[in-house]
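Take a first look at the sequence and the 3D structure. Then use the briefing below to find your way around.

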Amino acid sequence: MPELPDLNPVIHGKLRLALLSLLAGVEEAEFTWLRAKTSSTDGNLGAQLLKLEDAGYVAVEKKFVARKPQSIYRITDDGRQALTEYVQALKQLLGSAITA
Amino acid sequence: MQEQMHTQDLSERLSLIESMIAEGRRSTESWGWVFLLWGVAYSVAIAWGSWGQGLSVWGNRYAQIGSVRIGLAWPVTMIVAVIATLAIGLRHERTSPSTSLVRSVVSVWVAAGIAMLVLFPAFGASGRLDQHIFVAIVAALLGVANVASGLILQWKAQSACGVVWWVTSVAACFGSVAQLTVVFLSAIFVCQIVFGIYAMVLESRRNRREIVHA
């Protein structure tokens, strides 16, 4: 029987998984848009995005627009790769659970 | 039992990924207000242009500036609509994610809009613009933009609107000005106002959908 894969713990958190998936569908997105789409609080969202950023899965660009700070997030190549591998691992685990 | 919960959790995660990726893509499709705005703008221009004169002369209301007669209703209404679109669009852009899908669709509409803004003043200055030609060109360009957007977004309803505009464009080559006006107003009502409201209802339903919490 083939060894079952481990799920990447950085992506496994539901909010981080949602964030990475959202960013996979767009080129870039603002902090406020991510907050609205995930219905999360500023503090929690910022903390989870920081974890993804530390892992090198998202990149952030901070700038000022009309004197207001704006944080623009985008998924990196590593992040896209990690998400793809996570989905493959998830499918493999699901497949083994069904055949077990 | 635990095994079943584990499988359910894995399935939920897979669904979450799919729904979030789709959410990101769908969020770029908030165009309903633009259709409604322009539908109202066209209707206002026709009403203003024909006020007190009947439906057959909606393009003939002029202002005399020195020795030059300038049609007012359409240029003024269209300029106001362009300014409103830019103002609302720029605000909308700041809160929306950027995607190549958005850029593609916006490019199609900007190109069609520029074609109209360049062509009609030139026609007006040359004195060769009549209502049949005006409606035929507007409808043909709106047909192109709607069908192109519909194909990019894989949105059949929008492509159908494009076909309605092309039918209007062909119909504009025939009949009286009064008949032309009825055809034009019908197309505006269906493809701008009704379609715009339909798109806004879809967007509103989508925004209300429950989002998974962390």
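In which helix of chain A is A:E85 found? A:E85 sits in helix α5, which spans residues 77-99. Keep in mind that this is a predicted model.

**Chain A overall**

- Chain A contains 5 helices and 3 strands.
- Along the sequence, the order of its elements is α-α-β-α-α-β-β-α.
- Chain A has 100 residues, and 29% of them are buried.
- Take the contacts in chain A with a separation of 6 or more: 59% of them join residues 24 or more positions apart.

**Chain B overall**

- Chain B contains 7 helices and 2 strands.
- Its pattern along the sequence reads α-α-β-β-α-α-α-α-α.
- Chain B has 214 residues, of which 25% are buried.
- Among the contacts in chain B with a separation of 6 or more, 70% are between residues 24 or more positions apart.

**Nonpolar cores**

- As background, nonpolar side chains tend to be buried together in soluble globular proteins.
- The largest nonpolar core here has 31 residues.
- Within this core, the residues that touch the most other members are B:Y42, B:A45, B:V135, B:A139, B:W165, B:A187 and B:C191.
- Six helices of chain B each supply at least two residues of this core: α2 (32-50), α3 (73-94), α4 (100-126), α5 (131-153), α6 (156-171) and α7 (177-208).
- Another core, of 24 residues, lies apart from the largest one. Among its residues are A:L22, A:V26, A:L83 and B:I17.
- Which residues does B:C191 touch, leaving out those up to four places away in sequence? They are B:C161, B:V164 and B:W165.

**Helix pair α5 and α6 of chain B**

- Two packed helices are described by the angle between their axes and the distance between the axes.
- The axes of α5(B) and α6(B) come within 7 Å of each other and cross at roughly 160 degrees.
- Angles over 145 degrees count as roughly antiparallel, so α5(B) is roughly antiparallel to α6(B).
- The crossing of α5(B) past α6(B) is left-handed.
- On the α5(B) side, the contact includes B:A136, B:A139, B:G143 and B:L153.
- On the α6(B) side, the contact includes B:K156, B:C161, B:G162 and B:W165.
- How many residues of each class make up this contact? There are 10 nonpolar, 9 polar and 1 charged.

**Helix pair α2 and α4 of chain A**

- Helix α2 of chain A covers residues 14-24, and helix α4 of chain A covers residues 42-54.
- These two helices pack at an angle of about 70 degrees, with their axes 10 Å apart.
- Angles of 65 to 115 degrees count as roughly perpendicular, so α2(A) is roughly perpendicular to α4(A).
- From α2(A), the residues in contact are A:L15, A:R16, A:L19 and A:L20. They meet A:N44, A:Q48, A:L49, A:K51 and A:L52 in α4(A).
- By class, this contact has 5 nonpolar, 2 polar and 2 charged residues.

- Is A:E85 exposed, partly exposed or buried? A:E85 is partly exposed, because 14 other C-beta atoms lie within 10 Å.
- A:E85 and A:N8 are 77 residues apart along the chain. Their C-alpha atoms are separated by 8.6 Å.
- B:V80 belongs to helix α3 of chain B.
- B:V80 counts as partly exposed because it has 13 C-beta neighbours inside 10 Å.
- B:V80 and B:A41 are 39 residues apart in sequence. From C-alpha to C-alpha, they are 8.4 Å apart in space.

**Two loop residues with positive phi**

- A:S39 is not a glycine, although its phi is positive, at about 50 degrees.
- Where is A:S39 placed? A:S39 is in the loop between α3 (31-38) and α4 of chain A.
- With 14 C-beta neighbours inside 10 Å, A:S39 is partly exposed.
- B:Q154 is also a residue other than glycine with a positive phi, near 55 degrees.
- B:Q154 lies in the loop between α5 and α6 of chain B.
- Why does B:Q154 count as exposed? B:Q154 has 8 C-beta neighbours inside 10 Å, and a residue with 12 or fewer is exposed.

Note on methods: Residues numbered from 1 in each chain as written. Chains lettered and ligands numbered in written order. Predicted model: local features only at pLDDT ≥ 70, side-chain atom pairs only at ≥ 80, totals over all residues. Helix = DSSP H or I, 4+ residues; strand = E, 2+ residues; numbered from the N terminus. Buried ≥ 20, exposed ≤ 12 C-beta atoms within 10 Å, placed from the backbone. Contact = placed C-beta atoms within 7 Å. Core = buried A, V, L, I, M, F, W, Y, C linked by C-beta atoms within 7 Å. Axes fitted to C-alpha atoms, helices over the stretch in contact; angles between N-to-C directions. Parallel < 35°, antiparallel > 145°, perpendicular 65-115°, else oblique. Left-handed = near helix turned anticlockwise from the far one by under 90°. Nonpolar A, V, L, I, M, F, W, Y, C, P; charged D, E, K, R; others polar.
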